[in-house]
Amino acid sequence: MPDIDKKNRPATSVTDQEALDFHAMGRPGKLEINPTKPMATQRDLSLAYSPGVAVPVKAIAADPQTAYDYTARGNMVAVISNGTAILGLGNLGALASKPVMEGKAVLFKRFADVDSIDLEIDTENVDEFINCVRFLGPSFGGINLEDIKAPDCFVIESRLRELMDIPVFHDDQHGTAIIAAAGLINALELTGRDLKTTKLICNGAGAAAIACVELIKAMGFAPENIILCDTKGVIYQGRTEGMNQWKSAHAAKTDARTLEEAMKGADVIFGLSQKGAFSAKMIRSMADRPIIFAMANPDPEITPEEVARIRDDAIMATGRSDYPNQVNNVLGFPYIFRGALDVRASTINDAMKIAAVKALANLAREDVPDDVVAAYQGNRPRFGAQYIIPVPFDPRLISAIPVAVAQAAIESGVARKVITDMAGYARELSARRDPIASTLASLYERVRRRPKRIVFAEAEEEQVLRAALSYANQQLGTALLLGREDLIRATAERAGIDLNRPGLEIVNARISTRVEAYIDYLYARLQRKGYLHRDAQRLIHNDRNHFAASMVALGDADGMVTGITRNYSTALEDVRRCIDEKPGHRVIGVSLALCRGRTVFVADTAVHDMPSAEELADIAEEAAGLARRMGYPPRVALLAYSTFGHPSGERSERVREAVKILDRRRVDFEYDGEMAADVALNRKVMEQYPFCRLSGPANVLVMPAFHSASISTKMLQELGGSTVIGPILVGLDKAVQITSMGAKDSDIVNMAAIAAYGAGS
Ligand SMILES: NC(=O)C1=CN([C@@H]2O[C@H](COP(=O)(O)OP(=O)(O)OC[C@H]3O[C@@H](n4cnc5c(N)ncnc54)[C@H](OP(=O)(O)O)[C@@H]3O)[C@@H](O)[C@H]2O)C=CC1
Ligand SMILES: CC(=O)C(=O)O
Ligand SMILES: [Mg+2]
């Protein structure tokens, strides 16, 4: 197990066990391959395979460009490594690099809808590596080389670029250089420095470092103001030990021999070396308002906390997502390839790289529009020391960078397809991304800024304890562990959880001084509903849900999460005995189904069995409200088996009536119905009803009844490969969330975070 310094872990750090569990969960690894065409009938087979497949074969043989029309090549990138420089962990071999390469492949998909596959090549021999890759060209639209050590990577990349007619891009070199250069331009601007007079030290003289230095020199940085260092110290003119031609090209005329000597008075320091390479003394010796990019992964050369202890005038960036200013090639490679693929570029040239630098640097200087604020944890960042570069979840990246890259490819003559309508292309690009990940990231961050006390009502269960620990570890607030103390302690011991860490508190119902207050509260609510005082006593003494909900009702906790040991409706009844709906609202459940890059909100998946027309209209309003709060402009479809009156039937009548009620209420969101699910979700089918008032496929589906809501979300999960979050309870006066029975710890912590978010400020 790697030795990680626990004290220096930032807020969102995960434990080693969590990382292993995540990778092992379900189907091991992070990728699978799915067909894009139906493969159900004899005819499908005849088309997809023999004899039909022969037709595109001949077409491609006659005109190779048609491979982009008839195969997956045009959207497919190989992520290729031999594992000789895995992050900052060193040469751990091809097989060990696979988790990182799978990770890069899923980032391609997640951020830019580029399909990608990882290929680990088990050789350190440069010629063997080149020969292995050079013949793969027909399979891919581009090659992303990753984590190959210097100087081999330079030879490999330049030879493959000559041998292949598709983009070959060593991400650690150029991806890193592009992001670092963009961040540097902005940091120089903020500190009033000039590119030509700034003094920069780069620690590390490998793939990333050499490329960074080359790019910034190409952009006008004075060569005499740059000093590179490696494990042997300063790379000075005349040095012979540990040199190669790429280091020699940047050897400095200087008397400095150690990093410490070189760093005295430096304006900028780039770390592309190893964890902990910068000392406090070095940082202290830098010029005023120093610019420190500690980019080693997973642990930087020095942490922002350590720098903050030494000086308060630094602009600080790291390669990590859990600190401000993430200078990491994830901001580049998905979008750079997106742009290159979309114009079928033969290469990624300097013009395209510089276009990406400028697009990225400019984006950080622009005002962040309202619909992007969610990606910034609900804050509107302003160009400044804490914001020199956009965050990876910024939804503007998907349009800004590919457009700039594609345009530069066209202008520099390497595009094999010309895009004339760049504005239309930018719109298409935006539609490729679903904001759910940024929405959830923002939700977590908001909670982190106003941490909440959440009762975990079933804390004797192991997965609940794990979720509580994760809640505390992520600094979302205090997890109140409700249960019998001896049992909680026994479970914690079995699970290896240290209950003494900050952020975990046991609430032992038996000895709580608040028991009488909760009994009085509950009795006052229930006495006219047939409950005796001793019934209230029994509920508080014996039932965790009543105890937890009373804690929340009386302000002893901000919210609660339950549901592991009891079915949903029973848990909800327990809670409803203690907590009412918010005035003017209706309590409903909304599930989020995340499928193929698209999120739909489905309601009501928890409460109303057979809602009336009035109730359906309320459900539409509540669900639209949640969608809007989560950053989705709601387009609500009220679903039925029929569409706009056909086939007619009594059951659709209620739905039609609900639409009329919404008309009368003059609600401020798009809605229409009744309609079948394919009309709601498929633009082409919807176009057959030109009078439909939805401006695009629905993102909020109001189901006609609980059974259809429940059946469809469960089918989406089991058969459609969707991730389903929820049901999220909305409309209650206090923040309560109920998980499904047997939910995993990751689901429980999500629901706890949603409860904390619901608890507001
Ligand atoms: N934030 C980001 O986006 C990225 C960050 N990186 C990080 O940059 C680092 C280097 O990666 P990469 O260039 O691919 O790897 P390479 O193996 O190509 O190069 C590593 C370089 O770092 C030098 N080095 C290692 N330890 C030290 C040290 N303690 N002091 C000075 N120099 C040292 C090596 O020196 P020598 O030549 O003497 O062996 C070598 O020059 C890694 O930590 C990686 O995670 C890389 C790519 C992207
Ligand atoms: C981010 C990255 O590619 C690296 O650290 O190697
Ligand atoms: Mg890398």
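Strand β11 (residues 452–456), helix α19 (residues 462–473) and strand β12 together make a right-handed β-α-β unit, where right-handed says that, with the strands pointing away from the viewer, the path from the first strand over the helix to the second runs clockwise. Helices (H or I, at least four residues) and strands (E, at least two) are DSSP runs, numbered from the N terminus. The model is a predicted one, in which local features need pLDDT of at least 70 and side-chain atom pairs count only at pLDDT 80 or more, while totals for chains, interfaces and linings use all residues. Residues are numbered from 1 along each chain as its sequence is written, and chains are lettered from A and ligands numbered from 1 in the order in which they are written.

In this unit, β11 pairs with β12 (residues 477–482) in the parallel sense over five bridges, and Arg453 stands opposite Thr478 in β12; two strands are said to pair if DSSP finds at least two bridges between them. β11 also runs parallel to strand β14 (residues 559–562), to which three bridges join it, and here Ile454 stands opposite Gly559. All five of the five residues of β11 are buried, a word that applies if 20 or more other C-beta atoms lie within 10 Å of a residue's own, whereas exposed applies at 12 or fewer and partly exposed in between, with C-beta atoms placed from the backbone. In a regular strand the side chains alternate between the two faces of the sheet. In β11, Lys452, Ile454 and Phe456 lie on one side and Arg453 and Val455 on the other, and both faces are covered.

Another part of the chain forms an open sheet of six strands, in the order β18-β17-β19-β16-β15-β20 and with mixed pairing. Because β18 (670–675) and β20 (723–730) stand at the edges, each with a single partner strand, one side of each is left without a neighbour in the sheet. From one strand to the next the twist averages 20°, an angle that comes from axes, which are lines fitted to C-alpha atoms (for helices over the stretch in contact), and that runs from 0 to 180 degrees between N-to-C directions.

Within this sheet, strand β17 (residues 635–639) has five of its five residues buried, with Arg635, Ala637 and Leu639 pointing one way and Val636 and Leu638 the other way. Five bridges join β17 to β18 in a parallel arrangement, and the bridge partner of Ala637 in β18 is Asp672. Between these two strands the chain crosses through helix α26 (residues 650–665), and this β-α-β crossover is right-handed. β17 also pairs with β19 in the parallel sense, over three bridges, with Val636 opposite Val700. β19 (residues 700–702) in turn pairs in the parallel sense with β16 (residues 598–603) over three bridges, where Ala603 has Val702 as its bridge partner.

The loop between β17 and α26 contains Pro647, and the peptide bond from His646 to Pro647 is cis, with omega near -10°. Phe644 is found in the loop between β17 and α26 as well, and its phi is near 45°, a positive value in a residue other than glycine. With 17 other C-beta atoms within 10 Å, Phe644 is partly exposed.

A residue is near a molecule or strand if its C-beta atom, placed from the backbone, lies within 6 Å of it. Of the 30 residues around ligand 1, Gly88, Gly206, Asp230, Ala296 and Gly319 come nearest, and the largest share of this shell, three residues, comes from α9. By class, the shell around ligand 1 has 13 nonpolar, 13 polar and four charged residues, where Ala, Val, Leu, Ile, Met, Phe, Trp, Tyr, Cys and Pro count as nonpolar, Asp, Glu, Lys and Arg as charged, and the others, Gly among them, as polar. The residues around ligand 2 include Asp147, Asp172 and Asn329. Domain 1 and domain 2 both give residues to the shell around ligand 2, so ligand 2 lies between them.

Terms used
Domain bounds come from an automatic or database domain assignment.
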